[in-house]
Amino acid sequence: EMLGVLVPQLTELTKSDCIWQRICWRLVERVPDRWMEAVVLGFVQRAPGADVLSRLLGNLVVKNKKAQFVVTQKMLLLQYGHTTAVLQNLLGYLSLDSLRRPLLLTVLQELLETWGSSSAVKHSPPEQQLYISKAILICLSHVKEPEVQSCRQELLTSMMEGVKCHLDSSLPQLRRLGMVVAESISSRINTEGPVLRFEYEEDDETRELKSLLVQTPPLCVVPSLADDDRSEKADAAQQLVPESNKKSQTALPVMEDEESDAELDSDDDLVPYDMSEDKELKMKAPVYIRGCIEVLTGSEDVDKWEATVKALESLVRRNPAATREVSVELAKILLHLEEKTCIEGFVELRQRAQVAVLTTDPIPVSKYLISQFYSLNYSLRQRMDILDVLVLAAQELSCPKFHGKTKDSGAPKPHIQLLPGSDSSKDWRRIVDERIKSKTRRFDMGRCHMELPSGPNKFNSVAGHFFFPLIQHFDRPLTTFDLLGEDHLVLGRLVHTLAVLMYLAVNTVAVTAMGKALLEFVWTLRFHTDSYVRQGLLSCVSSLLLSVPAQLLLTDMTEELLETQSWLGDVVEKDPDGDCRRLALQNLLLMENLKKKLEAVPS
Amino acid sequence: MALPPPDPQFVLRGTSAAVHTLHFSCAGQEPDIPVLFSGSESGFIHVWNLKTHRVDTALDGHGRKSVYCVETMGGKDRLLSQGRDQTICLWDLAEGRTSVTDSVFMEHVGFCRCSLLKVAQGRWLMAMAAKGLEEVQVLELPSKTSVCTLKPEVGAKLGMPMCLKLWQLNCGSQPLLLAGYEDGSVVLWNVTMGKALSQLVCHQEPVMSLDFDSEKAKGISGSSEKVLRIWSLNEQQNLQVHRTHELVNAGVSDITIRPDKKILATAGWDHRIRIFGWKKLKPLAVLDYHTATVHCVSFSDHRNPRQRLLAAGSKDHRISVWSIYNET
């Protein structure tokens, strides 16, 4: 308020006049300690640029302890709500004067310490982590070469520790943050020689972060009239426009041939032969399932192998009886199948074949797969693939679908592909959200205009076979696989899978038993430190509330539900992760609605 | 109603190895026997008698390493063969002899077939891939002196030369070389001056084979993708794309234009030989006989047009010989 008026005036006045600058400094230094924080904060927020801040505050941070604390500790480490511009101002200000530069280095080291501490990564909210990462990147952009060299070793150690903690996290956003910061640090430390480079998908956030590394030169330092200021700013801005990329001139200058040639066409007297037999060469795949098994296990002929992999899914679907004879064997082969040649979409082909086998003969194959999930000597990727396949098969079994028609037959449900690597929890949350929305509406929405063809819910008879074995052994650690220990990523995926299976089991006979078991499972794990696992647990509760019929919920599980409700209330208030809080809130709303619905209906 | 494609006139069996290269020598007068030379993967060069359809002689000069190029130098008594043992052998086959008169050691290890051009009586130019990765060397035969080494500029990243063709517009004009490279470009070189005149990117994949019609200044190139490209040379010696033809199956291992410039034949990886009209690349026939990749095609040089033949050698050890479009 007051500063809003004061700062622009001071900016103008101190621009050219040294005396005014000194007056300003005196003014600021005389501010009593009690108000120092508010004053400094206000200046940092309102100053239009780091150089202006420098002119206004002078060396205040060096002279005044309180100011120093506010600038170097409070604004960077304890608060995280400020914008990037404010960060730029602050750090730029620290870098502009030789007296203040040591402060910049200390700040960088402290930021890196926070960034690298594993407890901070696990427990602080993602917004704060983003803020700290931005601050680190801006610091890096200001720090000069000799300074980097002097503290190279510390930078390297903190970077290594930090990267480890960040990559351990189950949330992809945090992993990306870690990768971007580590890459930037590494590129500053090793100016020549190989630089750390991660593979991640660029998105707006990473691009914004990377742009912070490049410092744009301060626009117009020369004191002049206001109009000149503006025009100079425009010029500088134009220089920063990226150069247009000109493609090299090796493109084909295609010349369209003129049809109406003056040339005599003596080709006319050459009569073409019949070329109708000239078709694309297709390698034949085996026609029988047992033939496929032979090819996949033994054959050296890579062309045949490729053709078999591509044809397998449709063969399995067309010959269910034959598949049932060899289903477990086929499932075993597919689980261990590795890419022999470079086929496009190999992973998807294999997954579709696995789902086909599982839906054709669910009980033995699910038994086999789940037993393998809990066995030794499988990679994490394979275990997560098993979970994905179970979910896709469950989805297929529970939704009536036309077999034989093409995949995109315009089914009203969104056909969600759980491809490996994608964040399947997001997709399922969307479905659950839609379901919740449809259940919390008070007035009739009207019939869905496309009548779903009805068929028996095939998942009914096998839901238990999918669900209970999965939930059985989660607390039994093996030498290479410890769900409750290091492999919390797989635990997270397991929990999400259980949520989906619960959701799909609506209207099946086993749903109440599943619900009870699931609630117990959630209860034991509810204080897990990994936020991805907690999100999964909350999705489990949502699925439970949506799938188990309300009467059964109230009669069979009243005590557990009450306990769950108090836990959910706790989560809403205290959980550091925003998604967890949102899910908990949703669950509480669902419970409220259920209660109201039941009260409205006379029992 | 179009007629079904013709069957081969006859098939030569007996090489017991994949056939990589073929060359006819049928221009001699009677009582000279028309002959077909074939080079195979077992290292033998078979001399086929086209009257009896049997092997007259088998030449073993490459240490059982695959022979991938045979050419005659003026008549069937002098033969040049190139093999994977990095040697180019010159043979004297007159009067029943089978001796190697000379050999050239190649420092390049690869599959690039050399190209011969007769520049004067008894003098030949031969272009072959040279020691450096992207270089082509031109030698004069029989003296084996180096005429020039054609090096692309630094950073051109053309890759290995894949196929070469030496030509000159008419006797006495400057010899020029067309070279197809691994990165899919075709470069026109001036051999006397040793510098490149024009470069054209024809394919995304390596150029497998090319052929050129010097009268019409038009050439064609094929690669491992599905596309055949026809390009032309304008007055400023610049290469430009003229037409593109898309094939049904990918992969062309050899292309050759008949000496009368009316039709051309392509040897495909899909086991088929395709015949096109040269003027407008009109597809004329698809000859489906072989059961494995066709490695080479060659037209005969019979003086009598009615006797002209087309031969194709394939990985299935057979050489099919066809008589097609001989009426004109």
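Analyst: Helix 7 of chain A (residues 84-95) has 12 residues, which should span 16 Å at 1.5 Å a residue, and the 16 Å between its end C-alpha atoms agrees with that. The expected span is 1.5 Å times one less than the number of residues. Helices (H or I, at least four residues) and strands (E, at least two) are DSSP runs, numbered from the N terminus. This is a predicted model, in which local features need pLDDT of at least 70 and side-chain atom pairs count only at pLDDT 80 or more, while totals for chains, interfaces and linings use all residues. Residues are numbered from 1 along each chain as its sequence is written, chains are lettered from A and ligands numbered from 1 in the order in which they are written, and side-chain values use heavy atoms, with hydrogens and water left out.

Helix 7 of chain A is mostly covered, with 10 of its 12 residues buried. Here buried means under 20% relative accessible area, exposed means over 50%, and partly exposed is in between, with a 1.4 Å probe and protein chains only. The buried residues of helix 7 of chain A include A:Thr84, A:Val86, A:Asn89, A:Gly92 and A:Ser95, together with A:Leu87, A:Leu90, A:Leu91, A:Tyr93 and A:Leu94.

Next comes a pair of helices. Two packed helices are described by the angle between their axes and the distance between the axes. For helix 8 (residues 101-116) and helix 10 (residues 126-142) of chain A, the axes come within 10 Å and cross at roughly 145°. Axes are lines fitted to C-alpha atoms, for helices over the stretch in contact, and angles run from 0 to 180 degrees between N-to-C directions. Helix 8 of chain A passes helix 10 of chain A in a left-handed crossing. A crossing is left-handed if the near helix is turned anticlockwise from the far one by less than a right angle, and right-handed if clockwise. On the side of helix 8 of chain A, the residues making the contact include A:Arg101, A:Leu104, A:Leu108, A:Leu112 and A:Trp115; on the side of helix 10 of chain A, A:Ile132, A:Ala135, A:Ile136, A:Cys139 and A:His142 are among them. Contact means heavy atoms within 4.5 Å. By class, the contact between helix 8 and helix 10 of chain A has 10 nonpolar, 3 polar and 1 charged residues. Ala, Val, Leu, Ile, Met, Phe, Trp, Tyr, Cys and Pro count as nonpolar, Asp, Glu, Lys and Arg as charged, and the others, Gly among them, as polar.

Helix 10 of chain A has 17 residues, which should span 24 Å at 1.5 Å a residue; its end C-alpha atoms are 25 Å apart, which agrees. Because 16 of those 17 residues are buried, helix 10 of chain A is largely enclosed by the rest of the structure.

A:Ser158, found in helix 12 (residues 152-168) of chain A, is in contact with A:Leu112 and A:Trp115 once its neighbours within four places in sequence are left aside. A:Ser158 counts as buried because its relative accessibility is 16%. A polar atom of the side chain of A:Ser158 lies 2.5 Å from the backbone oxygen of A:Glu154. A polar contact is a pair of N or O atoms within 3.5 Å; within protein, one must be able to donate a hydrogen and the other to accept it, and residues adjacent in sequence count only if both atoms are side-chain atoms.

A:Thr297, in helix 16 (residues 289-298) of chain A, has a polar side-chain atom 2.7 Å from the backbone oxygen of A:Ile293. With a relative accessible area of 54%, A:Thr297 is exposed. A:Thr297 and A:Ile333 are 36 residues apart in sequence and 7.4 Å apart in space, C-alpha to C-alpha.

Further along chain A, helix 24 (residues 459-472) has 14 residues and reaches 20 Å from its first C-alpha to its last, close to the 20 Å expected at 1.5 Å a residue. The buried residues of helix 24 of chain A include A:Phe459, A:Val462, A:Phe466 and A:Leu470. Among the elements covering these buried residues are helix 20 (346-360), helix 22 (380-398) and helix 26 (511-525) of chain A. Helix 26 of chain A also holds A:Glu520, which is exposed at 61% relative accessibility. The C-alpha atoms of A:Glu520 and A:Glu560, 40 residues apart along the chain, are separated by 8.3 Å.
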